[in-house]
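Subject: Structure handover

Hello,

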Amino acid sequence: MGRLFLINLEGRMYTCKHCQTHLAVYSDLISKSFHCRTGKAYLFDKVVNVTTGEKEERMMMTGVHTVVDTFCVRCGSLVGWRYEIAHEKSQKYKEGRFILERFKVLGPDGSAYSMGHEDHISGSEVDEV
């Protein structure tokens, strides 16, 4: 066990719902039009203070993707995933980018997202609409 070094972000940011560790800044937000099992999800260009799990193939609404789950480095909570490989040509823009599940983070105004009936999606991902 070593000392934990966290990157502190400035400005409007998204944080871990459980421990308020900084995860991403608003200016790195690419899209708010994604969905996951817990409801809304956001696509980011960069995310900090996360660790990753093992690579795995997942069948999503937009096809098969190779992804790694991302976890808050401070508390270990699952906060989303990173796209490693998009097997569909039209989905290549997702590679190397991150999904943060809105239910698992606090928004830039510090508000928590509560899942409503209309937000429940049974698959892993629904693409932009």
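Start with Q91. This residue sits in the loop between β8 (78-86) and β9 (98-101). Q91 counts as buried, because its relative accessibility is 8%. Its side chain makes a polar contact with the side chain of K94, at 2.6 Å.

Keep in mind that this is a predicted model. The mean pLDDT of the protein chain is 87. Of its residues, 85% reach 70 or more. Among the elements, β2 has the highest mean pLDDT, at 98. Strand β3 (residues 29-36) has the lowest, at 92. Residues 115-129 need care: the pLDDT there is below 50. That stretch still has 48 contacts in the model, beyond near neighbours in sequence. Where pLDDT is low, predicted coordinates should not be read in detail.

Next, the hairpin. Strands β1 (residues 13-16) and β2 (residues 22-25) run antiparallel, and three bridges join them. M13 has V25 as its bridge partner in β2. Five residues lie between the two strands of this hairpin.

Now the packing. The largest nonpolar core has 14 residues. Y14, L23, F44, V47 and L100 have the most contacts inside it. Each of β1, β2, β4 (39-44) and β9 supplies at least two residues of this core. V47 touches L23, A24, F98 and L100, not counting residues up to four places away in sequence. Another core lies apart from the largest one. That other core has nine residues, including F34, C36, M60 and W81. As background, nonpolar side chains tend to be buried together in soluble globular proteins.

E101 is worth a look. This residue is found in strand β9. Is E101 buried or exposed? E101 is buried, because its relative accessible area is 2%, under the 20% cut-off. Its contacts, leaving aside neighbours within four places in sequence, are C36, T38, K40, A41, V79, G80 and W81. Of these contacts, C36 and W81 are also among the residues of the nine-residue core.

Then the cysteines. How many disulfides are there? The count comes to zero. The cut-off is 2.5 Å between cysteine sulfur atoms. For C16, the closest cysteine sulfur is in C75, 3.6 Å away, so the two are too far apart for a bond. For C19, the closest cysteine sulfur is in C72, 3.5 Å away, so this pair is too far apart for a bond as well. C16 is buried, at 0% relative accessibility. C19 is also buried, with a relative accessible area of 17%.

Last, E56. This residue is found in strand β6 (residues 56-60). E56 is partly exposed, because its relative accessible area is 35%. Its side chain makes a polar contact with the side chain of R58, at 3.0 Å. E56 touches H65, T66 and V67, not counting residues up to four places away in sequence. D69 is 13 residues from E56 along the chain, and their C-alpha atoms are separated by 8.8 Å.

Over to you.

Best wishes

How values were computed. Residues are numbered from 1 along each chain as its sequence is written. This is a predicted model: local features need pLDDT of at least 70, side-chain atom pairs count only at pLDDT 80 or more; totals for chains, interfaces and linings use all residues. Side-chain values use heavy atoms; hydrogens and water are left out. Helices (H or I, at least four residues) and strands (E, at least two) are DSSP runs, numbered from the N terminus. Buried means under 20% relative accessible area, exposed over 50%, partly exposed in between (1.4 Å probe, protein chains only). A polar contact is a pair of N or O atoms within 3.5 Å; within protein, one must be able to donate a hydrogen and the other to accept it, and residues adjacent in sequence count only if both atoms are side-chain atoms. Two strands pair if DSSP finds at least two bridges between them. A nonpolar core is a set of buried Ala, Val, Leu, Ile, Met, Phe, Trp, Tyr and Cys residues joined through side-chain atoms within 4.5 Å. Contact means heavy atoms within 4.5 Å. pLDDT is the predictor's confidence in each residue, from 0 to 100.
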